[in-house]
Amino acid sequence: MVLIYGKGKTGQAVFEFLNEKREKILIRDDFDFVEEDLKDTSQIIVSPGVPFFHQIYKLARKNNIEIIGEIEFAYRYFDGFITAITGTDGKSTTTYLLGQLLQEKKTFIGGNYGEPFVNAIKENKKNAVLELSSFQIYSTKNFKPDIAIFLNFSTDHLNWHKTEKHYLLSKYRLFKNQTEKDIAILNFDDEKVKNSPTRAKRYYFSLEKLPDNVEGIYPDGSSLYLKINGKQEKINISGFKLIGEHNLQNLMAAVLAAYLQGISIDKINKKIPELKSLPYRIEFKKEINGIKFYNDAKSTTVQSVLKAVESFNEKVVLILGGIYKGGDFSVLRDIPNISKFVIIGQDKESLQRMINRPEKTYLADTLKEAVKTAYSLAEKGNIVLFSPGCASFDMFKNYIDRGEQFNKIVEELE
């Protein structure tokens, strides 16, 4: 019998898949699981949100039952090419960009973003681009992507991983089963990413010109330079609409992965001006009386806040806060273009202490109060940026809910 632990979108997708195969299945979660459920269980498929220190992992070891995640489970059935994308920030955007570049291959987009991977088998897909969180990678065993992309690394998810080392090692696990025939695409500007342990062929992306002996991609003005196998190709990015250096990094990783899968430079050049971003990633919402409002509700780390702020030359009134997940918010303290901080959420006082700029900091009890405060503090030509840098579950259902609420509040401001 197979026990599915977790009743969310992933658990339900696995349940439906196994049900069609007429397998004997139980689906449980923290509210209805009892140890008796493990009787006659040969495999446990655990949802990504269940941490490694949860009782189900302990009971699996005690009873000598294999425990894996949905990514590993689906991999054992999938027969096709896999690109797996991880990193602290930018995973969803890079996945979405690559999916657009690979459109002619009728690519499945899933994992942490989009549909559960198991649906690729039901749809008979032969090419998959998967966004993978550290939680999902941790619960893999034999999983091996043909292309593994590691975008960046900074402290995050310490409530799940407990230590930064455990978090990093979970990311590195993505490369564990790769061979010399596989590909690793790595951020040359991030030491922990650059030095990822893999036997795969390495290609790098960088915001600076790459050394002569390093293969990969880098920008120069309105072009990207791709150098592989002694050849150099030029890609025009003057029509790329996404703002910020972090999105340039996301684009470089996606372009490199697409090119290595046979998408021509001509096709990439034609696609770049058409590339769209996902909602709530530094998304321009509205201009009111000379003040521009941007929605970055997807931001859940201090690193993502930094990247969002650095996307602007104008003065920024920054709205942030929620459930603190780790990271040092004091790095925001002396950024010259942040004129004011408006902080919301469960851990607002802690964030206020970390930032430690009382003359620039305002606390708000609701998002509506925060937006109105930010608007009153902003001057003509300023940016009001909603980039929480924290988890959303104290005040919202998820980041989409908080993004929608921000948009609605802005719409009502006039």
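## A hairpin to start

In the hairpin of S11 and S12, Gly221 takes a positive phi near 65°. Two residues lie between the strands of this hairpin. Helices (H or I, at least four residues) and strands (E, at least two) are DSSP runs, numbered from the N terminus.

This is a predicted model, in which local features need pLDDT of at least 70, side-chain atom pairs count only at pLDDT 80 or more, and totals for chains, interfaces and linings use all residues. Residues are numbered from 1 along each chain as its sequence is written, and side-chain values use heavy atoms, with hydrogens and water left out.

Strand S11 covers residues 216–220. Four of its five residues are buried, so S11 is mostly covered. Buried here means under 20% relative accessible area, with exposed over 50% and partly exposed in between (1.4 Å probe, protein chains only).

S11 has strand S12 (residues 223–228) as an antiparallel partner, with five bridges between them. Strand S10 (residues 201–205) runs parallel to S11, and two bridges join them. Two strands count as paired if DSSP finds at least two bridges between them.

## The nine-stranded sheet

S10, S11 and S12 belong to an open sheet of nine strands. The order is S6-S7-S5-S8-S9-S10-S11-S12-S13, and the pairing is mixed. Strand S6 (108–111) and strand S13 (231–236) stand at the edges. Each has a single partner strand, so one side of each is left without a neighbour in the sheet. From one strand to the next, the twist averages 20°. Axes are lines fitted to C-alpha atoms, for helices over the stretch in contact, and angles run from 0 to 180 degrees between N-to-C directions.

Strand S5 (residues 81–86) and strand S8 (residues 147–150) run parallel, joined by four bridges. Thr86 stands opposite Phe150 in S8. Helix H10 (residues 245–260) lies across S8, strand S9 (183–187), S10, S11, S12 and S13. H10 runs at about 40° to S12. Contact means heavy atoms within 4.5 Å.

## The four-stranded sheet

Four strands form another open sheet, in the order S2-S1-S3-S4, with parallel pairing. Its edge strands are strand S2 (25–28) and strand S4 (66–69), and each pairs on one side only. Here the twist averages 20° from one strand to the next. S3 and S4 are joined in the parallel sense by four bridges. Ile44 stands opposite Ile67 in S4.

Two helices lie across strands of this sheet. H1 lies across S1, S2 and S3, and runs at about 170° to S2. Helix H2 (residues 55–62) lies across S1, S3 and S4, and runs at about 160° to S3.

## Two cavities

The structure holds two cavities of 30 Å³ or more. On a 1 Å grid over the protein atoms alone, a cavity is a set of points where a 1.4 Å probe fits but cannot get out, and a pocket is an open set with protein on both sides within 12 Å along at least five of seven lines; lining residues have an atom within 4 Å of a point. Grid points are joined across faces, edges and corners, and a volume is the space filled by probe spheres set on the points.

The largest cavity has a volume of about 40 Å³. Its lining consists of Val46, Ser47, Pro48, Gly69, Glu70, Ile71, Gln136 and Ser139. By class, three are nonpolar, four polar and one charged. Ala, Val, Leu, Ile, Met, Phe, Trp, Tyr, Cys and Pro count as nonpolar, Asp, Glu, Lys and Arg as charged, and the others, Gly among them, as polar.

The second largest cavity holds about 30 Å³ of space. Ile4, Tyr5, Thr10, Gly11, Val14, Ile45, Val46, Ser47 and Glu70 line this second cavity. Strand S1 (2–5), helix H1 (9–20) and strand S3 (43–46) each supply at least two lining residues. H1 gives the most, with three. Five lining residues are nonpolar, three polar and one charged.

## A pocket beside H10

The second largest pocket has a volume of about 260 Å³. Its lining has 16 residues, of which His246, Gln249, Gln303, Lys307 and Glu310 lie nearest the centre. H10 and helix H12 (302–309) are the elements that give two or more residues to this lining. The largest share, three residues, comes from H10. By class, the pocket lining has three nonpolar, eight polar and five charged residues.
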